[in-house]
Amino acid sequence: MFKIGYRTVKTALGTTIAVMLAQFLQLDNYVSAGIITVLCIKVTKKKSLKSSWERLLACTLAIAFSFVFFEGLTYHPIIIGLMLIVFIPTTVLVKATEGIVTSVVIIFHLYNANKITLQLIGNEFLLIFIGIGVALIMNLYMPSVDRKLKHFQQQIEENFAAIFREIELYLIVEDRLWDGSEFIKTAELINDAKTTAFRDVENHFLRLENTYYHYFEMREQQFEIIERVIPLITSIHISVEQSKIIADFVQDLRVHINPGNTAHKFLAQLAEMKQTFESMELPQTREEFEVRAALYQFVREMEQYLIIKSQFKGMGF
């Protein structure tokens, strides 16, 4: 079964309303109002408003250019081509490129009339206003994505916990096997979550930022660190005293993964752990030295992981 999205419904309904309204007003080329509505309904409110402004500006320029070229020169197909050579770069210059297609439709309307009058110009502006206006009204409704963002957050945290669980086991169990599937899933989740959060920002004219977006960016930075430490952990083939201490720390960190800011607590624990390591005896073998060096590097990376979290103000759930 195919799925019909809310944007499809809005487009179909908006197009119908625009055409009916233009037809009711007995406008020439009334179906063009529906075309403009289709073109102006976008995935976010801000994109829809931007598209509408560009189309209004481009269409206004198109009417002015048409008057100069058609009335000033003549009504001939060659003149249309000459005008577009000048008109299209002008729309690019004024950053109204999204309105090129709509404005070309207006140009053809004026060309086909074979005479530009105030009544004709009024007709075209009414088509533009109806098409844009209906699209903006339809785009006032945007479904809330808060539940979806919350779900992304929970899934990412669960994946982080699963990865930390594997790190914990690598530190205390010899010959541990793991396919690492959580990494691919987590990368996809973070990417989709950031896209959704950014779209939510675009649907609020007065909201310049989104706490969820900053949260997912923070998790993305932390995830990059996790990707760096995995080769360190998987290179360890023997267990030393420090392994168990770090494993206990990772376990504590794992069970406390949440959107709040508890990083300072773990940074303090990490500082105490580093002092404990400094008071321990030096490694006795080359293999033990390499293992402890890898663990020390892991601790440093985890410190950066926690610093990133400490700079995030947290989420009030």
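Reply: Contact means heavy atoms within 4.5 Å. This is a predicted model, in which local features need pLDDT of at least 70, side-chain atom pairs count only at pLDDT 80 or more, and totals for chains, interfaces and linings use all residues. Residues are numbered from 1 along each chain as its sequence is written, and side-chain values use heavy atoms, without hydrogens and water.

Me: Which residues is Ala193 in contact with, leaving aside neighbours within four places in sequence?

Reply: Ala193 is in contact with Leu149, Phe152, Ile156 and Phe216. Ala193 lies in helix 8 (residues 181–202); helices here are DSSP runs of H or I, at least four residues, and strands are runs of E, at least two, numbered from the N terminus.

Me: Does Ala193 count as buried or exposed?

Reply: Buried means under 20% relative accessible area, exposed over 50%, and partly exposed in between (1.4 Å probe, protein chains only). Ala193 has 0% relative accessibility, so it counts as buried. Thr91, in helix 4 (residues 77–93), is also buried, at 0%.

Me: How are two packed helices described?

Reply: By the angle between their axes and the distance between the axes. Axes are lines fitted to C-alpha atoms, for helices over the stretch in contact, with angles from 0 to 180 degrees between N-to-C directions. Helix 7 (residues 146–172) and helix 10 (residues 241–255) have axes that come within 9 Å and cross at roughly 165 degrees. Angles under 35 degrees count as roughly parallel, over 145 as roughly antiparallel, 65 to 115 as roughly perpendicular and the rest as oblique. Helix 7 and helix 10 are therefore roughly antiparallel.
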